[in-house]
Amino acid sequence: MSVGGFAGQVLFVDLSKGRTRVEPLDPALAEQYIGGLGLSLKLVKDYIRPGLDALDPDAVVVLGAGPLVGTGLPSTSRVYSICKLPTSGTIGWCGAGGFNFGAMLKYAGFDHVVITGRAEKPVYLEIVDDRVELRGAEDLWGLSVDAAYEVLCQRLGRPAGVMSIGPAGENRVAYSMAFIDRISTLGRGGFGAVMGSKNLKAVAVKGGGGVRVADRKRYRELAAGLMEKIGSWPHLKEAQTAGLIKSFPVISPEDYRRMKKRRAACVSCPIGCKDVIEVPDGEFAGLVKCTSSVINLYTPLLYGIQDYRESIRCMATLDEYGLDAFEFFGIMTFVRTLIEEGIVTPDRSEPEVRLDSLALVEAWVERISRRQGLGDVLAGGFRKIIETFGPDAARFAPALVKGMHPYAGPGSALAWDLFGTMELGQVLDPRGPHVGSGGSPTYFARRPLEAFPGHLQRMGVPEEAIKRILPGEDLKVGALLRYSHAWFTILGSLGACARANINRFYNADLCARLYEAVTGIETDLAALRHRVDRVWTLYRMMNLREGFQRSVEEALPERWFREAGFKDYVTGQALSLAEASGMIEDYYDEWGWDKQTGVPSAEELGRLGLADTA
Amino acid sequence: MAKYDITVAADNCTGCLRCELACSDAYAKTFSTASARIRVVMTGPDCEISFTDECVECGICADNCLYDTLSKERKEGDR
């Protein structure tokens, strides 16, 4: 493949046979599915065996980095892993930035890696340019995410990119994650367990090549315009200095300054929202932690840990084991209730289930990650706990979506109560509840509706759809979510970050022009929209083929609409289940899918060239 | 071509590698960390920045630094 942007090769790895092979990337496929997220979904569609369990040896995992990754355009470092996820039981995407992994994969010559099979013994995949090897990982098995990262960086020499799992993934914990460069997470849904089930501890990559762009002159013009916009943003220095604390002031600027070692950025990011901190004093003085954001380190405080230094130690432990903190704390809260209600009686040898004690929380992190005692049941997630302890336990379960604990909403870690696209999206993205705005204006609470039309135009929403989304003084959240998913698909397929502080500088038309300049593939906004529709509809069709149903996978939790439940984004009035169900129908309708079932019509599939998926 | 003294404040570096990519684009016509004449090695808390022997002190790395890590000053006597 001679077009720019793409590295031009797909690496196939069969862990069962211990074999790898390289194939050229099909340029027609790249054009039809854009790249990155979109093309990874297409490769999953082509190589998955329908109906297989997520942890079956023959389950497929596809990694992908889009055509803009590694080109130096702002915040283009996104990596996606797509597979059937064990917790949700759906085919879903996991996405991350990270320091080097995506760029290194491209520089080594690969846009995608397709992984199948299960290694007999623990292995890791080492890619150094065209030298690809499956190497024994017995010495790495049992190591933390961070330790595995350090060992592999030393073996390959920096800069290298490393995707690794911790003991939780090795032991197939339902809410284990993989980490990119030990800082960004590929989760939720249990991607770590998928790697663990394959005996794949890590993928380590180092690339000495590069990525060329097709039209350098055009690229430079567009990049210069983009950088000028970023450079003149009046909040740039503030965002670079404060990171996500600017939007979520969980700690004082003074406390943050005391612990900050440095800000950290994914490759080519002008904002650098990641943090390297050092605990300044107390029992854990000197503990250095690299994190996706310092605000994540405060999650344990929401559940009972009192001291912020203990909270940092707690998150460091969760990350080292490779556990999803939201799901872990949701499960521990649930189990504590079950014990208080007399439904679960732990063995006397088990540590007490308490969330206000660092030692006890860490004990449970280890017991779950190593599947010891009651930890073996808890490692199976909410569904396993309910299956084990029966209907009595189910009565006390929190709101669940696809068997997972929503991260936002009543009873969740983030008790946001306005029902915007991110909140509804927890139900309507096949992957399940996750943190991701899709660049929608409702990411921020109470934005005035006057600000919406300009934002929606930037996202590439057609004018006639803007009228449907904003009829008079109302906001149709379901219809908006359809375009939020489309905007996310554009960014994810190109390889750009969707975080609010980045996607604000991009617009859909610019993305089409950048894509064309980088790849050389003729693309305008209409063409890009068409390809995005194809990608997201394919994503839906793959899940429908797996048995995905509105009444099950997209069921709205009733608890969301009881007392102190979700509220209408615009009016702030209590939202009913019926109103939220109507939003789901609006979402389906706006995609051109059946309004009741969410099944795409034959006509729509034909328009998108997906008739063979029906 | 003008030459510059490049001053490095490694404590400010985020590891975004925009300097390396701008350098490789300028001199190798490709985006590639391996082709860059400036080397940024981040280990998390620590960061080392160095220049290869091929560096011509053009200052393009400093032009592309957004974090006040690299700054440039025209070399004395340079025209």
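**Figure 1. Domains 1 and 2 of chain A in the predicted model.** The C-alpha centres of domain 1 of chain A and domain 2 of chain A are 27 Å apart. This is a predicted model. The domain assignment of chain A places domain 1 at residues 9-206, domain 2 at 234-321 and domain 3 at 418-613.

**Figure 2. Overall build of chain A.** Chain A contains 25 helices and 17 strands. The radius of gyration of chain A is 23 Å, close to the 25 Å that the globule rule gives for 614 residues, so chain A is as compact as a globular protein of that length. Along the principal axes, the C-alpha atoms of chain A fill a box of roughly 70 × 60 × 50 Å. Of the 614 residues in chain A, 58% count as buried. Among contacts in chain A with a separation of 6 or more, 67% are between residues 24 or more positions apart.

**Figure 3. The open sheet of chain A that contains strands S1 to S6.** Six strands of chain A form this open sheet with mixed pairing, in the order S2-S1-S6-S3-S4-S5. At the edges are strand S2 (19-24) and strand S5 (91-96) of chain A, each of which pairs on one side only. From one strand to the next, the twist averages 15°. Strands of a sheet pair through backbone hydrogen bonds, in either a parallel or an antiparallel manner. Strand S4 (residues 79-84) of chain A and S5(A) run antiparallel and are joined by six bridges. Within this pair, A:Tyr80 has A:Gly95 in S5(A) as its bridge partner.

**Figure 4. The open sheet of chain A that contains strands S7 to S12.** Here six strands of chain A form an open sheet in the order S8-S7-S12-S9-S10-S11, and the pairing is mixed. Strand S8 (131-136) and S11 of chain A are the edge strands, each pairing on one side only. Neighbouring strands of this sheet are turned against each other by 20° on average, direction ignored. Strand S7 (residues 123-128) and strand S12 (residues 200-206) of chain A run parallel and are joined by six bridges. In this pair, A:Ile127 stands opposite A:Val205 in S12(A).

**Figure 5. Helices H3 and H4 of chain A against the sheet.** Helix H3 (residues 101-108) of chain A lies across S7, S9, strand S10 (178-180) and S12 of chain A. The direction of H3(A) is at about 65° to S12(A). H4(A) packs on the sheet and touches S7, S9, S10 and S12 of chain A. The direction of H4(A) makes about 145° with that of S9(A).

Figure 6. Most residues other than glycine have a negative phi, and most peptide bonds are trans. A cis peptide bond, with omega about 0°, joins A:Arg158 and A:Pro159. A:Pro159 is in the loop between H4 and strand S9 (161-165) of chain A. The peptide bond from A:Gly187 to A:Arg188 is also cis, with omega near -10°, and A:Arg188 lies in the loop between S11 and helix H6 (191-197) of chain A. A:Ala564, which is not a glycine, has a positive phi of about 55°. Its place is in the loop between helix H23 (550-553) and strand S17 (567-568) of chain A. A:Ala564 counts as exposed because it has 10 C-beta neighbours inside 10 Å. In chain B, phi of B:Glu57 is positive, near 55°. B:Glu57 is found in the loop between strand S3 (47-51) and helix H2 (60-63) of chain B, and counts as partly exposed because it has 18 C-beta neighbours inside 10 Å.

**Figure 7. The contact between chain A and chain B.** In this interface, 23 residues of chain B are in contact with 26 residues of chain A. Helix H1 (18-28) and strand S2 (38-42) of chain B each supply at least two residues of the chain B side. H1(B) gives the most to this side, with six residues. The chain B side that touches chain A divides into twelve nonpolar, eight polar and three charged residues.

Notes. Residues are numbered from 1 along each chain as its sequence is written. Chains are lettered from A and ligands numbered from 1 in the order in which they are written. This is a predicted model: local features need pLDDT of at least 70, side-chain atom pairs count only at pLDDT 80 or more; totals for chains, interfaces and linings use all residues. Domain bounds come from an automatic or database domain assignment. Two residues are in contact if their C-beta atoms, placed from the backbone, lie within 7 Å. Helices (H or I, at least four residues) and strands (E, at least two) are DSSP runs, numbered from the N terminus. Ala, Val, Leu, Ile, Met, Phe, Trp, Tyr, Cys and Pro count as nonpolar, Asp, Glu, Lys and Arg as charged, and the others, Gly among them, as polar. The radius of gyration is taken over C-alpha atoms; the globule rule is 2.2 Å times the number of residues to the power 0.38. A residue is buried if 20 or more other C-beta atoms lie within 10 Å of its own, exposed if 12 or fewer, and partly exposed in between; C-beta atoms are placed from the backbone. Two strands pair if DSSP finds at least two bridges between them. Axes are lines fitted to C-alpha atoms, for helices over the stretch in contact, and angles run from 0 to 180 degrees between N-to-C directions.
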